[in-house]
Amino acid sequence: EISGVFMKDHICVGSICTHGNFVTATEESDEPFSLVPFDGILGLSLPQMSEGAHFNVLDCMIRDRVLKRNVFAVFFGAEDNEESEITFGEYRTERMASDLFWVPVTNPGYWQVEMEDITIHD
C-alpha cells in the first residue's frame, strides 16, 4: 500500500525542463508496489501505461518541445567503474557498439521488441 499527495511541478533533468504531475508518497508499506500493475516511477513508459495525462516525464518534454529530438537513450556501463547514463533528446554515438536501427514495439505500452537472435561477446 502507498498513499500520498497529488502534485504538479516544474521538473528539470539537467538543463531540460518541463511541467508535469506526480504523486509524493507520504506513507507506504514494506512492499508498496507489489500489487500495482506498473513498475516505473520516472515516467518513461509509452503513454498508454501512464497513470494519467501529464504523469509521463518524457511525454511532457515532448509536449513542451524542449528536446532536440523526441527520443531518450539508456547506456549501461559494462564494469562497476563505468558510469551508466540516460540521455534525453539525443543519443551518444560514442556509446554505441553498432549502427542504430529502429524496430516497432510488439506489445503496445511496453518498450518490447521482437528479436530473432542475439549475440553476446566476451
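Lys and Arg count as positive and Asp and Glu as negative, while His and the chain ends are not counted. On that basis, the protein chain of this predicted model carries 7 positive and 22 negative side chains, and the centres of the two sets lie 16 Å apart, where the place of a charge is taken as NZ of Lys, CZ of Arg, CG of Asp or CD of Glu. Because the model is predicted, local features need pLDDT of at least 70 and side-chain atom pairs count only at pLDDT 80 or more, whereas totals for chains, interfaces and linings use all residues. Residues are numbered from 1 along each chain as its sequence is written, and side-chain values use heavy atoms, with hydrogens and water left out.

**Overall build**

- The protein chain has one helix and four strands, which are DSSP runs numbered from the N terminus (H or I of at least four residues for helices, E of at least two for strands), and their order along the sequence is β-β-α-β-β.
- Taken along the principal axes, the C-alpha atoms fill a box of roughly 45 × 35 × 35 Å.
- Of the 122 residues in the protein chain, 18% are buried, where buried means under 20% relative accessible area, exposed means over 50%, and partly exposed lies in between (1.4 Å probe, protein chains only).
- Among contacts (heavy atoms within 4.5 Å) between residues at least 6 apart in sequence, 35% join residues at least 24 apart.

**Aromatic pairs**

- A search of the whole structure finds two aromatic pairs, meaning rings of Phe, Tyr and Trp (its six-membered ring) whose centres lie within 6.5 Å, with planes under 30 degrees apart counted as stacked, over 60 as edge-to-face and the rest as tilted.
- One of the pairs joins F6 and F55, which are tilted at 50 degrees between the planes and 5.9 Å centre to centre; F6 belongs to strand β1 (residues 2-13), while F55 lies in the loop between β2 (16-28) and α1 (57-63), 49 residues apart.
- F6 is partly exposed at a relative accessible area of 46%, and F55 is also partly exposed, at 22%.
- The rings of F72 and W111 form an edge-to-face pair, because their planes stand at 75 degrees, with centres 5.7 Å apart; this pair links F72 in strand β3 (residues 72-75) with W111 in the segment after β4 (85-88), 39 residues apart.
- F72 is partly exposed at 23% relative accessible area, whereas W111 is exposed at 51%.

**A charge over a ring**

- R95 lies over the face of F75, at 4.2 Å from the ring centre, a placement that requires NZ of Lys or CZ of Arg within 6 Å of the ring centre and within 35 degrees of the ring normal.
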